Amino acid sequence: MRRRLKNVFRLGVKELNSLRRDPVLVFLIAFTFTFAVYTVATGVQTELRNASIAVVDEDRSELSRQIRAAFLQPYFQTPVLLDLDEIDAAMDASRYAFVIDIPPGFQADILGARQPRLQVNVDATAMTLAGNGAAYIQTIISGQLTEFLNRSDLQYIQPVTVTMRTMFNPNLDSSWFMSVMQIVSNITMLSLILSGAAVIRERERGTIEHLLVMPVTPGEIMLAKIWANGLAILLAVIVSLYVVVQGILAVRISGSIALFVFGAALFLYAMTALGIVLSTFAKSMPQFALLAIPFFVVMNMLSGGTSPLGGMPKSLQIIMQAAPSTHFTSFAQAVLFRGAGIEIVWPQMVAMVAIGTLLFLLAMMRFRATMSSAH
Amino acid sequence: MVNKAASIARLTSVSHRYGSVIALDDVSIDIPAGCMVGLIGPDGVGKSTLLGLIAGVRKLQTGHVLVFGGDMGRRGHRNEVCTRIAYMPQGLGRNLYPTLSVRENVDFFGRLFGQSASERTWRIDDLLHSTGLHPFADRPAAKLSGGMKQKLSLCCALIHDPDLLILDEPTTGVDPLSRRQFWELIDRIRARRSTMSVITATAYMEEASGFDHLIAMDDGQVLATGTAAELKTKTSRESLEEAFIALLPEDKRSGHTIVKLPPRRRHDGVLAIEADGLTKRFGDFTAVDRVTVKIERGEIFGFLGSNGCGKTTTMKMLTGLLPPSEGTAKLFGIIVDANDMETRRRVGYMSQSFSLYGELSVRQNLDLHANLFDIPRAEAPSRVREMIERFDLGDVADELPEKLPLGVRQRLQLAVAVIHEPEMLILDEPTSGVDPIARDKFWRLLIELSRNDGVTIFISTHFVNEAERCDRISLMHAGKILAMDVPDALRQARGADTLEDAFIGYLEDAANADASITPDTTPQARASRSGIEAVTSSGRLFDPRRMWAFTRREAMELMRDPIRIMFAFLGPIILAIAMANGISFDVEKLDYAVLDQDQSQESQGFLENFSGSRYFNLKLPITTPAELNRRLQNGELRFALIVPPNFGRDLLAGRTTDVGVWLDGAITFQAETSRGYVQGVIANYLAEFSRRETGREPVAQLAEIETRFRYNQAFLSVYAISPGVLMLLIYMFSAMLTALGVVREKELGSIINLYAAPASKLEFLVGKQLPYIAIAMVSFVSLVILIVVFFQVPITGSLAALMVGAVLFATAATALGLVISSFVSTQLAAIFGSAIIVMIPTLNFSGMLYPVSTLEGSGWIIGHLFPALYFQKITSGVFNKGLGFSSLYQNYLWLALFCVVFWAMATLLLKKQEK
């Protein structure tokens with residue numbers, strides 16, 4: 001047993017040495033966990049922020065000006081004034097996500113209680129923005145109307161008020177969510193490719209055959225790849241969390257980073273095992289690449305990090321339970337944002353270990369089988 | 001025949017270094033034209049470097065190289081003369097394309113040199129006939145034996161009638177019969193083209209003896225030049241091998257004596273190796289056919305045979321790497337078992353191809369193996385030192401094996417194989433490509449191990465003088481053992497003068513029996529036509545014919561890989577189905593729960609507004625604030641409602657009452673949505689309440705705010721997502737597949753053909769790109785059909801506009817793949833790099849998920865720096881917005897610009913010479 005552990009350790013050190021010798025790879029890992037996380041977190045807004053908006057003001061009244069002025073930064077860009085006939089071209093070119101059309105005589109009709117119609121054009125191809133933005137715009141316009149009418153001495157008492165409070169991320173700053181989800185998706189992609197390609201590379205160069213005649217078992221070779229590649233990624237994750245996420249992006253992480261790192265290690269175990277399984281099905285690097293693409297794309301997009309899991313068809317939700325990334329995504333959200341402890345996230349951890357172990361066993365079975373078929 | 005007056009190549013003070021290793025040290029030499037020049041010397045003395053420089057495939061560092069009277073440092077001259085030079089690199093079939101057939105390989109080279117179809121046909125026929133490859137014209141190169149691969153390589157080199165043929169160790173690793181045939185072939189070709197000059201590097205001194213002019217090299221310097229006879233006279237030795245050793249500086253020569261095999265002491269006990277009826281079949285091909293051998297302890301057993309005769313497979317079965325189909329193999333009396341660690345520790349194995357870690361230094365490789373074989377910590381460093389010393393690796397201990405010449409790498413592999421002092425060594429052609437001195441040294445070590453320590457040695461080799469040193473040898477052919485005995489007994493049995501003749505006799509018998517390789521020695525009638533048609537179009541900057549040669553070859557390789565083709569087509573479809581169904585921002589059934597502290601009729605009425613909505617999904621009620629916390633924390637609820645005590649009483653009394661809503665802010669997008677919907681429900685409730693209680697219109701009803709969801713009236717994700725998915729999949733598959741294209745050739749070695757051919761970099765790049773564009777377009781069409789027919793997302797704009805955009809986009813995406821491929825050095829980095837470069841900007845900054853108009857700063861810039869954004873505008877414009885060419889033309893211009901920029905970048909990054 002001691003021997004085995006030692007072998008796993010030594011082979012892993014070899015793996016790390018190999019990694020160190022590939023500067024492009026090291027650079028890519030560093031790049032994805034720093035610069036890419038930063039750009040995605042700061043560049044992408046899932047909340048309503050910096051939304052592009054234009055107004056066609058056919059009324060030119062005090063009320064219409066008041067409405068225009070109500071679209072404030074950081075939620076909206078300063079509204080641009082358009083002519084009526086410019087709406088189509090502007091929206092076709094995706095210059096604005098929202099175009100509000102205030103009809104002529106709007107203010108007069110409001111004061112006259114004639115229920116004028118105000119049109120909000122929404123570019124509905126921007127799904128992430130359209131729904132929320134439209135709701136916001138409605139609220140803002142209603143607010144302006146209320147204020148305008150209050151000034152016009154129309155009284156109105158609200159019987160029920162609502163106090164909304166947001167837990168875990170009070171300002172709904174999407175850079176929090178995006179940065180952590182970017183880390184999750186980086187881990188998914190890197191772990192799968194690194195471990196699988198490491199196997200293919202050894203096979204293409206014949207080194208794996210060499211290992212297999214030494215007193216080393218396939219299990220040891222695989223464990224070595226798992227811990228070494230896992231460790232490299234884990235280090236990048238830790239640096240990314242402390243320096244980029246907490247440091248530069250100033251995200252308030254409510255949970256325990258130690259627990260997150262532990263969970264990430266479990267996730268890496270499962271993902272690297274999956275990478276090795278895939279590698280046993282591929283004969284060459286291009287084949288492996290083709291095989292890996294569907295896996296990491298699906299896992300990146302359907303694990304709940306990009307679009308909510310709840311929105312997917314039930315059958316797909318069930319299928320995605322087999323992906324370790326689904327569990328890790330909800331684990332990461334719970335631990336980092338909601339401050340959940342191990343007593344809450346243990347089911348996800350168990351799931352990752354279970355899936356990982358199944359994959360590991362499958363990899364073991366396939367490993368030697370593919371060796372003997374290699375001519 | 002030797003024309004000393006003219007020189008084909010002249011080197012003046014040429015030096016070359018790789019990092020700290022000096023490969024050539026101020027070499028000045030004239031190489032005579034029109035004759036057979038041999039470059040002899042140990043490994044790593046700079047032979048390959050010298051040949052590479054003369055061929056123009058290696059970048060000149062210092063000094064001058066004149067070939068055909070022109071400066072090889074000048075690109076113009078290189079382009080001009082490369083059609084007159086043929087270069088065959090080191091390594092078995094390294095410049096061949098394994099999946100292409102014999103004919104297709106040669107045909108590709110013919111096309112590269114711009115030959116017409118009829119010219120290629122007769123040239124190929126001619127070459128294949130004269131090399132005896134004709135019967136195998138349709139066999140893939142991968143399935144040829146080593147000797148046949150070298151003949152094929154030679155055909156490829158000779159297709160354009162070169163005036164200068166450069167062969168880098170062409171017969172290394174080739175069996176004696178094939179070797180003899182190879183040189184006969186060269187002689188015949190030279191007889192036909194007497195003006196052709198040949199420069200050969202070789203490790204076989206017996207071959208070199210037949211050359212017209214020899215250059216003996218050592219340590220990056222030229223030791224002596226002249227004919228074999230001159231060298232022998234100069235050193236007053238009888239054989240060239242001895243003459244060469246005598247030429248070496250004193251310190252290298254010292255200690256070199258002739259290897260003698262002392263008689264073997266008998267070891268009793270179990271046999272070291274016992275194979276009984278060992279058989280291995282791959283499909284219907286029998287690689288090893290009922291091999292039975294018994295080898296005693298301490299015996300040196302030689303295993304000879306042509307390449308591909310089953311030697312390696314036998315050895316792999318003995319080591320447990322391959323399970324036998326039939327029969328048994330026993331080592332030390334124990335049946336070979338892949339899981340038996342103890343036996344493995346007693347065996348040292350060295351495989352034929354280099355199989356150590358290229359990215360670890362020599363010392364690190366030795367350390368690793370010392371560790372894996374569990375050499376005690378205290379002993380390991382001294383063992384490693386001993387190995388470095390014994391195998392003369394001191395100078396290169398901290399170098400990477402990748403940068404070392406073949407022979408030095410073989411020495412390293414040997415060192416690794418014996419580092420744990422095994423009781424048995426299984427060595428698969430350990431001395432291929434190793435120079436005579438190192439080979440003798442190695443044999444002394446083997447003999448010492450065998451005679452003193454009783455180590456059993458099972459070795460395969462091509463060197464007859466090595467076979468003579470074995471206790472017993474066996475000769476294998478086509479999976480069967482032809483003969484097995486003491487070397488001298490075999491020679492006598494055939495009545496041959498030398499063991500080599502005896503072997504060749506056995507092999508010829510066997511070969512004739514199955515009528516395989518019989519070179520057609522009758523001169524071809526058409527042979528006289530060679531050289532008539534001058535090579536044309538070499539000087540053009542961009543020759544579509546050469547580009548087409550690359551395209552054809554890439555396409556053929558792709559077609560031969562059905563798995564790759566299948567995935568390239570099915571992958572996008574499967575992904576599109578998963579994504580179009582899975583990525584949904586349509587919010588329904590947001591999970592929520594209520595902490596109702598009032599439990600009145602009014603509170604229930606209020607809450608019914610939520611439970612009745614299809615957007616919400618009510619979970620079990622919350623009873624305590626702590627529970628509320630916990631259930632939000634574990635992600636069960638998207639939001640929680642708190643109805644205050646006295647809600648009903650206050651409401652009826654007209655007092656304002658405050659309802660609390662706790663949102664889960666972890667997933668920001670969903671929190672925003674929840675907030676909007678909760679507000680909507682409450683506004684409705686208030687309106688209803690107001691009408692009921694006061695009869696007055698609430699504020700919101702003062703004006704009708706009509707929200708028009710343009711381009712996607714139903715506001716369904718599938719409409720908005722599908723165009724993006726189409727873009728992403730075309731992008732990713734195109735870029736990744738192409739990214740592997742160039743770097744794969746770099747890793748596998750066939751890139752050398754680009755270095756040696758008259759083709760330009762752009763021809764190579766665009767040629768490789770075209771098949772991938774074709775694949776992308778097939779994918780594109782199938783995806784469009786999928787989206788329109790199965791997802792029922794109609795195309796509202798111009799289909800033609802979409803198609804044109806797709807062609808431009810696929811070109812830009814594959815060109816991006818070429819840039820990545822030209823830049824990185826490993827396939828791993830290529831996959832990785834393209835995955836990152838494609839995925840991150842596209843998912844985030846291309847407008848696929850998040851609108852571009854809201855991007856800021858670096859995100860905005862990055863988005864605009866990649867083609868995805870522009871094609872996204874086209875797909876979404878055509879699918880969702882009903883647009884055509886007139887509204888989208890700017891995007892076409894951008895995509896075209898990307899193509900040009902990427903081509904330029906790839907051309908700049910791709911090297912046309914080795915360093």
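## Domains

Domain bounds, as used here, come from an automatic or database domain assignment. The model is predicted, and in it the assignment divides chain B into five parts: domain 1 (3-84 + 162-253), domain 2 (94-161), domain 3 (273-513), domain 4 (544-579 + 716-909) and domain 5 (590-702). Between domain 2 of chain B and domain 3 of chain B, the C-alpha centres are 32 Å apart.

Chain A is assigned domain 1 (2-44 + 173-373) and domain 2 (53-151), and the C-alpha centres of domain 1 of chain A and domain 2 of chain A are separated by 46 Å.

## Nonpolar core

The largest nonpolar core holds 432 residues, and the members that touch the most others are B:Ile166, B:Ile730, B:Met736 and B:Ile831. Helix H26 (residues 717-748) of chain B supplies the largest share of this core, with 20 residues. In general, nonpolar side chains tend to be buried together in soluble globular proteins.

What surrounds B:Ile166, once its neighbours within four places in sequence are left aside? Its contacts are then B:Leu51, B:Ile54, B:Ala55, B:Ile85, B:Ala86, B:Tyr87, B:Met88 and B:Ile199.

## Interface between the chains

On the chain B side, 129 residues are in contact with 124 residues of chain A. Helix H25 (residues 668-693) of chain B gives the largest share of the chain B side, 13 residues, and by class that side comprises 67 nonpolar, 43 polar and 19 charged residues.

Strand pairing also crosses from one chain to the other: strand E4 (residues 117-123) of chain A and strand E25 (residues 704-710) of chain B run parallel and are joined by seven bridges. Within this pairing, A:Asn121 stands opposite B:Arg708 in E25(B).

## Strand pairing within chain B

Strand E9 (residues 213-218) of chain B is mostly covered, with five of its six residues buried. Strand E3 (residues 36-40) of chain B runs parallel to E9(B) and is joined to it by four bridges, with B:Ile40 opposite B:Ala216. E9(B) also pairs with strand E10 (residues 221-226) of chain B, here in the antiparallel sense and over five bridges, and B:Leu214 stands opposite B:Gly226 in E10(B). The hairpin that E9(B) and E10(B) form has two residues between the strands, and in this hairpin B:Asp219 takes a positive phi near 55°.

Elsewhere in chain B, four strands form an open sheet in the order E12-E11-E14-E15, with antiparallel pairing. Strand E12 (285-295) and strand E15 (334-335) of chain B are its edge strands, each pairing on one side only. Two bridges join strand E14 (residues 326-331) of chain B to E15(B), and B:Lys330 has B:Ile335 in E15(B) as its bridge partner.

## Confidence

For the complex, the predictor gives an ipTM of 0.84 and a pTM of 0.82. Chain B has a mean pLDDT of 84, and 94% of its residues reach 70 or more. In chain B, confidence is lowest in helix H10 (residues 250-253), at a mean of 70, and highest in helix H29 (residues 799-823), at 95.

Over residues 515-538 of chain B the pLDDT is below 50, although this stretch has 34 contacts in the model beyond near neighbours in sequence. Where pLDDT is low, the predicted coordinates should not be read in detail.

Key:
Residues numbered from 1 in each chain as written. Chains lettered and ligands numbered in written order. Predicted model: local features only at pLDDT ≥ 70, side-chain atom pairs only at ≥ 80, totals over all residues. Core = buried A, V, L, I, M, F, W, Y, C linked by C-beta atoms within 7 Å. Buried ≥ 20, exposed ≤ 12 C-beta atoms within 10 Å, placed from the backbone. Contact = placed C-beta atoms within 7 Å. Nonpolar A, V, L, I, M, F, W, Y, C, P; charged D, E, K, R; others polar. Pairing = 2+ DSSP bridges. pLDDT = per-residue confidence, 0-100.
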